[in-house]
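Welcome! Please have a look at the view below before reading on.

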Amino acid sequence: MLKSTNLEVGYGESVVVRNGSLEVKKGQVVCLMGRNGVGKSTLMKGIMGVLKPTQGHLYYNGESIIESLPTKRAHRGFGYVPQGREIFGTLTVQENLLIGLESNGTKQKTVPEWIYDYFPDLKEMKNRKGGDLSGGQQQQLAIGRALAANPNLLLLDEPTEGIQPNIVADIQDIIENIKSKQKDLSILLIEQSVDFARRIADYYYIMDNGKIVYEGGELKEKDTQHLLGI
Amino acid sequence: MSQATVFHKQEAILKASQVTVQFGGFKAIDNFSFRIDDHEIHFLIGPNGAGKTTFLDAVCGKTSTTSGKLLFENQTELFKKKEFEIVRLGIGRKFQAPSIFTNLSVADNLELAMKQDKRLLPILKAKRNGGEESSIEEMLKLINLKVARNQEAGALSHGQKQWLEIGMVMMQQPHLLLLDEPIAGMTEEEEEKTGHLLCELKKKCAILVVEHNMDFVRSFSDKVTVMHQGQWLCDGTMEDVQENDQVLDVYLGRREVNA
Amino acid sequence: MENFLTQIFNGASLGSILLLIALGLAITFGLMRVINMAHGELIMIGAYTAYVIQLIFVTYVPDAMFDFYFILAIPGAFLIAALVGSLLETGVIRHLYGRPLDSLLATFGIGLILQQAARSIFGAPNVGVTNPSFLSGSLSVFSLELPYSRLFILGLVALCFTALALFLYKTAYGRKIRAVMQNRDMAMSVGISSRRVDNLTFAIGSGFAGVAGVALTLLGPIGPTLGLTYIVDAFMVVVVGGVGALVGTVAGAMGIGVFNTLFEYWTNASMGKVLVFALIILFLQWRPSGLFPQTSRSLD
Amino acid sequence: AYEANDESGEEEKIPVGILHSLSGTMAMSETSVMDAELMAIEEINEAGGVLGKELVPIIEDGASQPSTFSERASKLLQQDGVDVIFGGWTSASRKAMLPVLEGNNGLLFYPIQYEGMEASPNIFYNGAAPNQQIVPAVDWLLENKGDEFFLLGSDYVFPRLANQIISAQLEENDATLVDEQYTPMGHTDYNTVISRIQESKPSVIFNTLNGDSNVAFFQQLADAGITPDDVTVLSASVAEEEITGIGADAIEGHYASWNYFQSTDTAENEAFAENYQEAYGSDRVTGDPIEAGYFMVHLWAKAVEEAGTTDVDEVRAAADGIQFDAPNGTVTIDGDTQHVHKTVRIGEVQEDGQFEEVWNSGKPVEPDPYLEEFDWASDITEP
Amino acid sequence: MNTQIIQYFTSRKWLFMILFAILVVLPSILTDFHINLLGQFIAFAILVIGLDLLWGYTGVLSLGHGIFFGVGAYIMAMYLTMASEDSIIPEFMIWNGITELPVLWVMFQHPAAAIAGAIVVPMLIAGVIGFFTFRNRIKDVYFTILTQALVIATVTLIVSRQDITGGSDGLTGFTNFFGHSLQTPSTQLFLYYVSLANLAIVFILCYKLTKSRFGKALIAIRDQENRLRFSGYNTAIYKTFIFTLSAGIAGLAGMLFVTQLGIITPEEIGIVPSIEMALWVAIGGRGTLVGPVIGAILVNAAKAGFSEMYPEMWPYFLGAVFVIVVLFFPKGLMGIVDHFKKRGEKDVSGNSIPQTGSHS
Ligand SMILES: Nc1ncnc2c1ncn2[C@@H]1O[C@H](COP(=O)(O)OP(=O)(O)OP(=O)(O)O)[C@@H](O)[C@H]1O
Ligand SMILES: Nc1ncnc2c1ncn2[C@@H]1O[C@H](COP(=O)(O)OP(=O)(O)OP(=O)(O)O)[C@@H](O)[C@H]1O
Ligand SMILES: NC(N)=O
Ligand SMILES: [Mg+2]
Ligand SMILES: [Mg+2]
């Protein structure tokens, strides 16, 4: 479904990711791991198109999308939860969700109830400005926003950061729930928590120093420990 | 594993009584009372939106309290004090989203944060001396940013920024350290390291930490206070707290404990 | 009492003009955070558009229909100014998002160029636009004389404001605009075409400047430096109201308008002006982010 | 732009400076004056030049900033070696050039009516002094329109000094000053001023507003329903060009005082207005400052012919009594004050935007920049 | 090797020294008129150093520095007027019915008082405004607009109180400068070098300031003021200090400017000149000190040059320069210099030791 080969991504003149080759198959949950600062978020930004890769290829359903803008990628079914939430602070919670709802290019009028079922807090606060929410509430909102448009490919950058434990558990359920309804949903997940990753991922990539250094269907303790900093 | 300090042998370093913080009509903190003793690692936990960050904001002067008392070291009322005055009293704060000086080098970030006379004239005259130099080096080593010492701080990764900010707050040598989700985005190894660092630090000061990572809380807490909807829900050791039905309902979830 | 009412009307009337000149800026500066120093020149373009449309009417349209030029001038000026704004956005502004002070600089340069262009095209001397006859004279209410031209501007600004507010806050497109202005990258990541939204938004803001230009032809002559007269006032209005808050702009304009009129009445025009600007400085001490601050919890 | 002459051509050409605002807020007024000056230079060149040499204008932009006027004047005198500059409009621009002119011994021919109280040996003042515009206008108003005066002016030197003169003159004549108001340059909201007019009910408004403000003021006055029947407005700075901006219907029936109107009935004016429109467009109007810009170039040329050189001291010495048949009638340089004798006129605005002369002084009036002839003015001119 | 030399001489300090050397020798090849003009530009160059401290380093943009510049210039002009007048009060006051020299003028009759006043009075004004404004956390564009309000209020006041200020005519016509004629080339050459010496002193002091811990604090304020506050700094005082300092520098510049140009009017200190001052900083390159100095001199020289050559076209050129610099050289002229320097650095590190070796 998504395949990148030798992506090179960076900021201005400094190249951060040098060998961003990974693949997410249809219906698969792929987890991208690695220590702080190795370039996980940078690679994901390159995949979403927020950063423009300077080299390499990127295919979505077999089609090269390296040139297309994030807008276009969103229309094709990318849903993105960035690190640091990036919710629209002056828009209300409801408006944030409506924006998410329309991200596949359709026009929608109301937020479907199931989103509020997942995150009841948000319903209570639907008229509050997004920027006023607490850290964890914002994170929930960011996830809700990405889920709203029923994406085909979810890019999650440390989605559970700052979320209270029972909801972290809920998020697993949510992901499983959605996956059971939408069989072909693919997920690329960046996660520090090995436990969380193990619970939902089908395949793993580990990065170090801007490169993918490990891939496999399971996290083998001794191969990966030092790379993950456990 | 920590020793629970159930009895208040020492003086409270911070005592909050019946603090309320209101935004418009909404009470983010509602009649909340709280104390933390010296040399204690005290965790503040609770659901998203419970008011934890707001409480830290109130203590360090970022948000003004609507009513209530905040007594520091049994003598100073924090209410109405300016942020920098509160810092000078000895309260250090790390924010939830990393906050550093992006255009200064890592070392310069630490230099500015370092405990020193921060009034205008002394700073105008200040020169980095040998003692300061070595304490910066020491800190760089501690937060694992030695190689990045001359790099612009803006180019650090999320996690490295977290570390730098922790380093900056420690450089202030506070009596009370306020940490808002310090280990967010850290690897398990680094979590561990942070925890040990806290244990080291509590010899010199009291530490109030907001955190959602229960493994971390379990490993390093002396005491835990749970907030819910702006109010005090319960406190005690982590063992006590995770027995509490209401805490399980609103925060931990049944599964977490069973797992 | 009657006198007081007159002053209040005068204040509201001045306020309505301030609001009209600031409305476009409330979009380009308030929402988009582009410090558009060429806003005044966009106003000027609107005014010259009215002038050109008038010339066309004088030449090609029977005298009896002359007054209609004004009805045509309003949408005409909106479109022309919007077009110029759109070109400006594409050529210059687009590269400066997130660098507000750089946008100040570049647009100041553009202002210089547009002023000189007006001089080259229309000549340095002022040109006059004849007011439509239906706007001359005044309405007598009790003993108050309310000039039709002022009433017209009040009505025009009410219309513009309402349309804009509904568009921004009640339509999906308005929501998208606000999202883009918050965070362009993220907006793109949720499928919004930031480029198109930016361009359209800047064009709309510029269009309102054009409309203001038409209204200003009712008050005075127009010349290449017309914009200079109003640019600072326009920024004051937006800032006093609170950057990013549309209602703030209304409050800012009316507040400045009324106080200016009262101060002027109590002292004289120069002192009135000194006092109103001193008041703005004092006011900001009390409300550092204007009347309707756009607060956010983030650290800054 | 015009190039300064190169070495070889120096013998045949005489460089002259033209220094007006071509950018900034004053450009709208000053460019027309420059056009008239260039037209006069062309006429002179066509007639064989001065002392048999062609005049080459060197144009500089004062940019509506006094400091730029000062700097550009230095440049013209020092770099380009001109002996004469035609230019300036605002008093501030003139005052800015003055020390430069005196320091470098250059000449300025200044075209605008002004507040008087000045007589620099390096300036020839071609606009009206107060006794050639304001004082006769007040006399005429007192005689014909009433004795309750409302003084309205832009907040700068000319209006303030003009109004001091008027106040003294009113006191002398037992007339009433009901109110005196100043508005900042570029002011366009006259509602408050109009409220004051409605309250104080003057019979006459003496208007020394400048530029744009006139348009706003007259339109708003008309909108407020105040007609010339209610109160007469006489303006000191409203010429034909301003009327175009105001729109004739808003000012029709009000008055202005000048030395020249486009409608002034002389053979010279007929030719002048025709040539001007031919050169710059049939939609252009002439007016007093434009006419002064035109004739002052001719005055200088004649003085140079008289002196046989462009040397400043010799031209100054030769200038006394130089005459020219200007569009407004014969103008004569007064060597003592370096002002000109010129006819004073009062005109009423007609519906076509032109003035109809209702009064003139019959013969050129001698300039009296310090108002020495008027006892009542002694308080103003001396401490 | 070559690149190392380039690197060395493109350091901020060296760039300034090269510029200074050029300015020292330039008068020997310039005409009197151009020396005087360049002297005025040097006054502007002094001003932008202060403005750069405020904007480039601290991130606080003032579009009101024309006022501080103007206050310095007016105070000096008061002294110069009195020194040049024969009567006990200036001529324009007589027409305005003033019979006694206003207190404001009496204060600055002595040259030492005028020189001190030209620097201290702007500092006082800035100190008071800055103290309240920064304490009340007025920042970013709110502060910038506030400074514009200050400009309008002050200029309107000066114009409307023409009885003591000279109104829109400003103050001019002074001829006498400590017993010498202001118009003579030798006096003007002297003033040129005085200005140049001041430029050097101000530059060195400010350069040192930016290299100190205080300078780092300024950058920290620009980056993340709140973090600095939560590190125990009273940032309001820091900002007030730098605002006050830059106002004093502006006053000094105004004083040097007016003695050389011989006139000061409200038009020179209003909205547009105040904005232009910021433009010089940006064109030179914010936060580099030497960049703005070069920017101020080059932009003004270009303006004079363009307007001489193309009196009716120069606004097009100037406008285009502003747009092009911002679009293509966002870091100003110094950005271009740094670009070359970076290339040099790369070459150097390519074949010798890496740059980031730690000290311990
Ligand atoms: N805005 C930026 N400008 C320049 N360099 C950056 C920027 N953001 C990140 N970097 C650099 O890119 C590297 C990778 O950063 P990235 O955020 O991708 O790391 P990460 O693997 O997501 O780490 P973390 O687990 O801490 O989020 C960092 O080491 C940092 O030096
Ligand atoms: N300025 C504000 N206006 C309105 N509501 C606010 C404002 N600031 C905070 N709140 C609300 O106050 C509540 C407490 O927020 P706070 O950030 O303290 O929560 P928290 O306990 O830190 O949560 P988290 O664990 O998610 O970080 C939230 O419901 C939030 O929406
Ligand atoms: N001299 C004048 N009219 O300013
Ligand atoms: Mg990351
Ligand atoms: Mg929080």
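How many salt bridges does the rule find across the interface of chain C and chain E? Across that interface the rule finds 1 salt bridge. Please keep in mind while reading that this is a predicted model.

## Where chain C meets chain E

Let us start with that salt bridge. It joins the side chains of E:R286 and C:D102, at 2.2 Å from N to O. Around it, 41 residues of chain C are in contact with 42 residues of chain E. Among the 8 pairs of chains in contact, chains C and E share the most contacts.

Chain C and chain E bury about 3700 Å² between them, and carbon and sulfur atoms give 77% of that area. On the chain C side, the residues that lose the most area to chain E are C:L105, C:F108 and C:Q285, which together make up 17% of what that side buries.

## Where chain C meets chain D

Chain C also touches chain D: here 39 residues of chain C are in contact with 33 residues of chain D. The area buried between chain C and chain D is about 2600 Å², with 45% of it on carbon and sulfur atoms.

The count of salt bridges between chain C and chain D is 1. You can find it where the side chain of D:D189 meets that of C:R150, at 3.4 Å from N to O.

Chain D has no contact with chain A, and the nearest C-alpha atoms of chain A and chain D are 37 Å apart. No contact joins chain B and chain D either; their closest C-alpha atoms lie 39 Å apart.

## Helices 1 and 8 of chain C

Now let us look inside chain C. Two packed helices are described by the angle between their axes and the distance between the axes. Helix 1 of chain C covers residues 2–31 and helix 8 of chain C covers residues 194–216; they pack at an angle of about 165°, and their axes are 7 Å apart. That angle makes helix 1 of chain C roughly antiparallel to helix 8 of chain C. The crossing of helix 1 of chain C with helix 8 of chain C is left-handed.

## Helices 10 and 11 of chain C

Helix 10 of chain C (residues 246–266) packs with helix 11 of chain C (residues 269–286) at an angle of about 140°, with the axes 8 Å apart. Helix 10 of chain C and helix 11 of chain C are therefore oblique to each other. Their crossing is right-handed.

Residues making this contact include C:I256, C:F259 and C:F263 of helix 10 of chain C, and C:L275, C:V276 and C:L279 of helix 11 of chain C. By class, the contact of helix 10 of chain C with helix 11 of chain C has 8 nonpolar, 2 polar and 2 charged residues.

## Helices 5 and 6 of chain C

One more pair is worth a visit. Helix 5 of chain C (residues 148–170) and helix 6 of chain C (residues 172–182) have axes that come within 5 Å and cross at roughly 75°. Helix 5 of chain C and helix 6 of chain C are therefore roughly perpendicular to each other.

Among the residues in contact are C:F167 and C:Y169 of helix 5 of chain C, as well as C:Y173 and C:I177 of helix 6 of chain C. The contact of helix 5 of chain C with helix 6 of chain C has 6 nonpolar, 1 polar and 3 charged residues.

Methods:
Residues are numbered from 1 along each chain as its sequence is written. Chains are lettered from A and ligands numbered from 1 in the order in which they are written. This is a predicted model: local features need pLDDT of at least 70, side-chain atom pairs count only at pLDDT 80 or more; totals for chains, interfaces and linings use all residues. Side-chain values use heavy atoms; hydrogens and water are left out. Axes are lines fitted to C-alpha atoms, for helices over the stretch in contact, and angles run from 0 to 180 degrees between N-to-C directions. Helices (H or I, at least four residues) and strands (E, at least two) are DSSP runs, numbered from the N terminus. Angles under 35 degrees count as roughly parallel, over 145 as roughly antiparallel, 65 to 115 as roughly perpendicular and the rest as oblique. A crossing is left-handed if the near helix is turned anticlockwise from the far one by less than a right angle, and right-handed if clockwise. Contact means heavy atoms within 4.5 Å. Buried area is the accessible area (1.4 Å probe) that two parts lose on being put together, summed over both. A salt bridge is a side-chain nitrogen of Lys or Arg within 4 Å of a carboxyl oxygen of Asp or Glu. Ala, Val, Leu, Ile, Met, Phe, Trp, Tyr, Cys and Pro count as nonpolar, Asp, Glu, Lys and Arg as charged, and the others, Gly among them, as polar.
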